[in-house]
Amino acid sequence: MFERRWTKGADIKQEIISVLEDSKFGHPLDPFQMYMKFLYEYYRPRLEELEQEKGKILELAGFQQDAFSSAKRILAKYGGVLIADSTGLGKTHIALELLREYVAVRRMKAMVIAPSQVLNVVWEPKLMEESIKTLNITIEKTGTSSFQPEKYIDYDLLVIDESQNYRNASTNRYANLLKLIAGGKKKMVVLMTATPVNNSLLDLYHQLTLITAGDDAYFADLGIPDLRAHFLSAERKELTEGIEQIVRLLDEIMIRRTRQFIVDNYPETTINGKPVHFPKRRLRKVEYSLTALFGDQIYKKVLDTIEELHLVPYRADSYIKTLEDKARKEATLRAELQKFGLLKRFESSVEAIRTSIDRMVKFYEYFEKTLASGKILRSRAFQKALNQIGNSLEDEEAFFAEIEKIELVSLTAEYDKPQMKRDIKDDLEKLNALKLDLDRIPAYADRKLQALGELLAKDRGHNLEF
């Protein structure tokens with residue numbers, strides 16, 4: 001099966017061309033290579049344009065230049081700014097201009113914190129191209145035990161991309177970052193997110209405390225003696241009323257524009273002499289078949305396996321013989337939520353469900369080993385560890401780092417150990433059998449990916465020869 005891994009800072013154009021080169025020497029293109037050729041033809045004009053622009057300093061559009069000026073003013077006044085422009089308005093370019101100003105001109109020490117993929121694909125190539133020296137750390141790393149905040153307290157400026165990842169104050173990543181910001185010298189903080197509020201107004205409060213370094217009296221001059229109380233009061237009101245209560249603070253600390261705002265207020269704006277146009281969105285429903293990909297048998301096997309799982313590690317407390325029925329039911333219901341997560345990954349892609357099953361098998365094996373040593377991981381402690389990493393097993397390193405912090409308790413006679421062992425064995429047999437079936441399905445056969453390719457080909461009308 002054809003396989004290629006994208007390397008850190010790779011030139012995408014060269015990666016695509018290297019795939020196409022194989023076909024010149026008589027090697028037939030497999031479906032993934034065909035898709036790569038389609039991508040190359042589809043994006044060829046843009047790739048050539050990027051090649052021509054390489055090495056040039058990007059000129060900011062008028063609305064981006066205004067945001068840069070506003071961000072500098074807010075930083076000077078409050079020591080922090082929230083750049084919350086809608087997706088596609090160039091938050092990265094605004095932040096790059098700030099880094100050029102504070103790092104290249106003012107010689108400050110700066111750190112960029114972003115999701116791993118964004119850091120590798122977007123930030124590091126751009127920073128290298130602009131010759132801006134920063135320390136770059138992934139958001140995922142800030143949640144691990146190997147991240148030591150005290151090592152970075154002498155930095156002057158932090159740029160945090162997708163800061164909504166720090167909306168939960170109970171996570172390790174939030175606690176670690178707050179220690180970094182509050183320690184040592186006073187730091188300037190640039191928060192970047194198109195979605196500052198996901199679940200409640202407190203999401204925004206927790207992000208702003210990264211600017212205040214946890215000082216709730218920080219905005220007392222704005223008539224807000226206690227920032228937390230201010231947001232809790234707003235949260236208890238209707239959404240519109242609550243936003244009205246915090247709008248003055250947002251006017252002071254946040255830059256937020258939508259595409260429509262740019263269209264209405266910057267009708268003649270250009271970038272490098274070219275007019276800025278925003279494409280109109282057209283929503284379209286595209287249907288694809290999961291059964292066509294998995295086949296009726298495997299499709300049913302996935303659903304049946306997920307439904308029949310005992311999920312022992314997720315509800316270990318329910319095996320306590322003397323546990324009250326209500327508590328047993330609660331433990332079981334908490335575990336059942338994991339099934340919904342697996343079903344979502346099943347619908348997402350072949351690779352998503354395959355990876356999830358693989359990680360679940362590893363965790364079951366870890367849990368089985370602790371049982372054999374006469375120890376057990378309590379359900380509540382496990383749930384707390386899950387909460388620390390956003391209730392997901394996807395970041396395997398962070399997950400096991402959290403698990404290793406938990407103090408195991410002795411497996412006493414109050415637990416039904418024989419039943420636990422039987423249920424674990426049963427689950428592992430089902431999961432391993434399913435894993436073997438999923439491993440036989442090639443990633444390039446994903447019907448969702450194929451449906452997307454067909455839609456793009458139809459819309460653009462490319463006549464490609466393979």
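This report walks through a predicted model of one protein chain, from the whole fold down to a few residues.

**The chain overall**

The protein chain has 466 residues, and 44% of them count as buried. It holds 17 helices and 10 strands. Among contacts with a separation of 6 or more, 76% come from residues 24 or more positions apart.

**Two aspartates**

Asp161 lies in strand S4, which spans residues 157-161. Asp156 sits in the loop between strand S3 (135-138) and S4.

Asp161 is buried, yet has no salt bridge. The nearest side chain of opposite charge belongs to Lys91, 6.7 Å away. A salt bridge needs a side-chain nitrogen and a carboxyl oxygen within 4 Å. What does the side chain of Asp161 meet in a polar contact? Its partner is the side chain of Trp123, at 2.8 Å. Beyond four places in sequence, Asp161 touches Ile113, Ala114, Pro115, Val118, Trp123, Ile139 and Met192.

Is Asp156 buried or exposed? Asp156 counts as buried because its relative accessible area is 17%, and the cut-off for buried is under 20%. Its side chain makes a polar contact of 3.1 Å with the side chain of Lys185. Leaving aside neighbours within four places, Asp156 is in contact with Met108, Lys109, Lys185, Lys186, Lys187 and Met188. Asp156 and Val189 are 33 residues apart in sequence, while their C-alpha atoms are 8.7 Å apart.

| Pair | Kind of distance | Value |
|---|---|---|
| Asp161 and Trp123 | side-chain polar contact | 2.8 Å |
| Asp156 and Lys185 | side-chain polar contact | 3.1 Å |
| Asp161 and Lys91 | nearest side chain of opposite charge | 6.7 Å |
| Asp156 and Val189 | C-alpha to C-alpha | 8.7 Å |

**Helix H6**

Helix H6 covers residues 172-182. Its buried residues are Asn172, Arg173, Tyr174, Asn176, Leu177, Leu180 and Ile181. An α-helix has 3.6 residues a turn, so residues three or four places apart point the same way. Gly184 follows H6, and its phi is positive, near 70 degrees.

Leu303, Leu337, Phe340 and Leu343 make a nonpolar surface patch of about 370 Å². Which element gives the largest share of the patch? Helix H12 (residues 325-348) does, with 3 residues. Leu337 is in helix H12. Leu337 counts as exposed because its relative accessibility is 55%, and the cut-off for exposed is over 50%.

Definitions and conventions
Residues numbered from 1 in each chain as written. Predicted model: local features only at pLDDT ≥ 70, side-chain atom pairs only at ≥ 80, totals over all residues. Heavy atoms only, no water. Patch = residues over 30% accessible without salt bridge, like charges linked within 9 Å, V, L, I, M, F, W, Y side chains within 5 Å. Areas by Shrake-Rupley, 256 points an atom, 1.4 Å probe, with all protein chains shown as cover. Helix = DSSP H or I, 4+ residues; strand = E, 2+ residues; numbered from the N terminus. Buried < 20%, exposed > 50% of the residue type's maximum accessible area, 1.4 Å probe, protein only. Lys, Arg positive; Asp, Glu negative; His and termini not counted. Polar contact = N/O pair within 3.5 Å; in protein donor to acceptor, adjacent residues only side chain to side chain. Contact = heavy atoms within 4.5 Å.
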